Amino acid sequence: MEVPRPAPLPSRGAGRAGRAMSAAADAAPGGPEAPDPAGSPWVSAVGPAPGPGSSALCWAALLACFSLACAYVGSLYVWNSHLPRDHPAVIKRRFTSVLIVSGLSPLFLWLWKELTGISLLALLGFRLEGIVPATLLPLLLTMVLFLGPLIQLSMDCPWGWLDGLKVMFDPRFWALCMSDMRWLRNQVIAPLTEELVFRACMLPMLIPCTGLGPAIFTCPLFFGVAHFHHVIEQLRFRQGSVASIFLSAAFQFSYTAVFGAYTAFIFIRTGHLIGPVLCHSFCNYIGFPAICAALEHPQRLTVVLFYVLGMVLFLLLLHPMTDPAFFGDIPVCSLSATSSSFSVCS
């Protein structure tokens with residue numbers, strides 16, 4: 001074993017320089033060994049190497065999100081077809097391309113997985129801890145929000161509750177649904193792939209740069225803009241005037257952005273992908289609330305009362321039913337270094 005040698009004494013000039021450098025370091029903000037203010041693993045410990053909170057990686061995150069949105073929408077148009085979007089042949093082809101893009105999209109998260117040490121599946125919301133409440137509570141909360149439309153549908157439905165339950169538990173009903181390409185698109189493929197790409201893949205890249213709160217409202221912008229592609233088909237098949245088509249697209253952008261913020265909130269609060277997917281599927285089934293029909297309903301007072309009751313209960317239950325304590329340790333909450341956004345995860 002080598003015996004360590006004593007360090008040579010510094011010269012008088014070197015001592016003065018060393019004391020000056022030490023004083024300058026002490027006078028600098030945070031002192032010579034200032035700790036990371038947030039204790040964040042995102043700040044590099046080796047000097048100038050860019051960490052995920054750096055401007056370089058923030059621009060990379062925005063570019064990655066934009067690329068994902070373009071790839072998702074572009075995959076719908078790789079097939080040269082003159083048929084409308086609801087044709088079974090078009091739907092089957094789009095299933096193929098969208099599933100390929102969605103399957104490759106987690107590769108964008110590989111860099112963030114390497115920098116944080118968090119499992120890629122955990123970042124994407126695929127984990128077992130808290131899976132039961134993450135499956136039930138967000139869906140129940142969304143049903144509370146749509147209490148008015150659900151009551152309106154039950155009033156207008158010719159079936160009774162027992163008949164509806166019999167149909168729901170009939171295997172032939174589900175076999176019929178699974179054979180319907182439009183049902184598969186709206187209730188299974190679109191919710192799964194859109195939530196995977198626009199929530200599970202984008203949010204872990206945006207949160208280190210923007211924080212949890214701003215990411216909830218930034219991420220849906222990519223989701224809302226992605227829905228503008230419907231304008232192309234509506235113009236091609238002349239499904240209305242140009243003004244009405246663009247007005248409809250602006251309206252669709254608005255409510256898809258609001259819905260995207262809601263499912264982003266659910267994803268962050270629960271740390272699971274299953275909740276946003278089920279909420280997305282449910283909302284696709286119910287559609288946008290028919291408010292005009294509710295105001296003209298024979299039992300208008302009752303229907304409107306349930307609309308208002310649903311919204312009030314939703315606001316009261318939003319935080320209690322998405323309490324992170326139900327869902328265990330949420331990996332995505334550890335990505336933000338800003339203390340102001342911890343309220344989203346508490």
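This is a predicted model: local features need pLDDT of at least 70, side-chain atom pairs count only at pLDDT 80 or more; totals for chains, interfaces and linings use all residues.
User: Now rings with rings. How many aromatic pairs does a search of the whole structure find?

Analyst: The search turns up 10. To read one, check how far apart the ring centres are and what angle the planes make; an angle over 60 degrees counts as edge-to-face. Take Phe-146 and Phe-282: their centres are 5.8 Å apart and their planes make an angle of 85°, so the pair is edge-to-face.

User: Where in the chain do those two sit?

Analyst: Phe-146 is in the loop between α6 (131–145) and α7 (147–156), while Phe-282 belongs to helix α15 (residues 274–286). They are 136 residues apart, and the pair links distant parts of the chain.

User: Are Phe-146 and Phe-282 buried or exposed?

Analyst: Both Phe-146 and Phe-282 are buried.

User: Why do Phe-198 and Phe-223 count as buried?

Analyst: For this you compare the relative accessible area with a cut-off: under 20% is buried. Phe-198 is buried because its relative accessible area is 1%. Phe-223 also has 1% relative accessibility, so Phe-223 counts as buried.

User: Which residues do ring pairs link into a cluster?

Analyst: Tyr-72, Phe-198 and Phe-223 are linked that way.

User: On to cysteines. How many disulfides does a search of the whole structure find?

Analyst: There are 2. To spot one, look for two cysteine sulfur atoms within 2.5 Å of each other. Cys-58 and Cys-209 form one, with their sulfur atoms 2.3 Å apart. That link is left-handed, with -110° about the S-S bond.

User: Which parts of the chain does the pair of Cys-58 and Cys-209 tie together?

Analyst: Cys-58 is in helix α2 (residues 55–74) and Cys-209 in helix α11 (residues 203–210), so the pair ties together parts that lie 151 residues apart in sequence. As for accessibility, Cys-58 is buried at 16%, whereas Cys-209 is partly exposed at 28%.

User: How far apart are the sulfur atoms of Cys-333 and Cys-345?

Analyst: They are 1.9 Å apart, and the two residues form a disulfide. The link of Cys-333 and Cys-345 is left-handed, at -85° about the S-S bond. Both residues are in the segment after α17 (300–317), 12 residues apart. Cys-333 and Cys-345 are both buried.

User: What pattern do the disulfides of the chain follow?

Analyst: Count the bonded cysteines along the chain and you get 1-2, 3-4.

User: Is Cys-292 buried or exposed?

Analyst: Cys-292 is exposed, because its relative accessible area is 60%, and the cut-off for exposed is over 50%.

Key: Residues are numbered from 1 along each chain as its sequence is written. Side-chain values use heavy atoms; hydrogens and water are left out. Rings of Phe, Tyr and Trp (its six-membered ring) pair if their centres lie within 6.5 Å; planes under 30 degrees apart count as stacked, over 60 as edge-to-face and the rest as tilted. Helices (H or I, at least four residues) and strands (E, at least two) are DSSP runs, numbered from the N terminus. Buried means under 20% relative accessible area, exposed over 50%, partly exposed in between (1.4 Å probe, protein chains only).
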